Amino acid sequence: MTEETGCFIRTGRLQIRKFCPDDAPVLAAYRSDPEVARYQGWTEFDEAHAREFIARLQAARPGVPGEWYQFAVALLSEGTLIGDIGLRVHADDPAAADIGYTLMTSQQGRGLASEAVRAVSEYAFSRLGVRRIQATIDDRNLPSLALARRLGMVEEAAVETVWRGVPCVDRIFVLRR
């Protein structure tokens, strides 16, 4: 990461960076979209939540075992926030991590999530010493299942669960290095 920009990674089209206070309105907008939030862990996310979320991240750094770190995903051409990727290195096994991703609806279907998740996974492997990355995906979330498969993740388990009062199956996908 460069201290001046807060940028961790640049890809062909994206900048994976630290969140900044100016991101709050866009973060709140896409995280409050019911279609985006459908399979996520939050139910409400307004601009006050976004400001608090970003403030907590200012002192955080990726790779701290047991703590989620949220990377901002922005278009390289404009610097505009379009989504985020969460990464949590396991406290009991620092060679393993969980990953989750969120992309605003208007940016979906363009390969940007694949590009971002691939870049953060490579960062975790090369810079954080992670050897195994796991994504837990609700089997009703077809685009996310397709993304995991495109990235070469292997389905290792299917777990019956209840999400927001509805029975479903979580599919556990793993990417190894």
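**View 1. Ile-16 and its bridge partner in strand 3.** In strand 3, Val-73 is the bridge partner of Ile-16. Strand 3 covers residues 68–75 and pairs with strand 2 in the antiparallel sense over 4 bridges. Strands are DSSP runs (E, at least two residues), numbered from the N terminus, and two strands pair if DSSP finds at least two bridges between them. The model shown is predicted: local features need pLDDT of at least 70, side-chain atom pairs count only at pLDDT 80 or more, and totals for chains, interfaces and linings use all residues. Residues are numbered from 1 along each chain as its sequence is written, and side-chain values use heavy atoms, with hydrogens and water left out.

**View 2. The hairpin of strand 1 and strand 2.** The hairpin connects the two strands through 3 residues. Ile-9 stands opposite Ile-16 of strand 2.

**View 3. The two sides of strand 2.** From strand 2 (residues 14–17), Leu-14 and Ile-16 point one way, whereas Gln-15 and Arg-17 point the other way. All four residues are buried, a term that means under 20% relative accessible area, with exposed over 50% and partly exposed in between (1.4 Å probe, protein chains only).

**View 4. Cys-7 and Cys-20.** A search of the whole structure finds 0 disulfides, a disulfide being a pair of cysteine sulfur atoms within 2.5 Å. The closest cysteine sulfur to that of Cys-7 belongs to Cys-20 and is 12 Å away, so the distance is too far for a bond. Cys-7 is buried, at 7% relative accessibility, whereas Cys-20 is partly exposed, with a relative accessible area of 29%.
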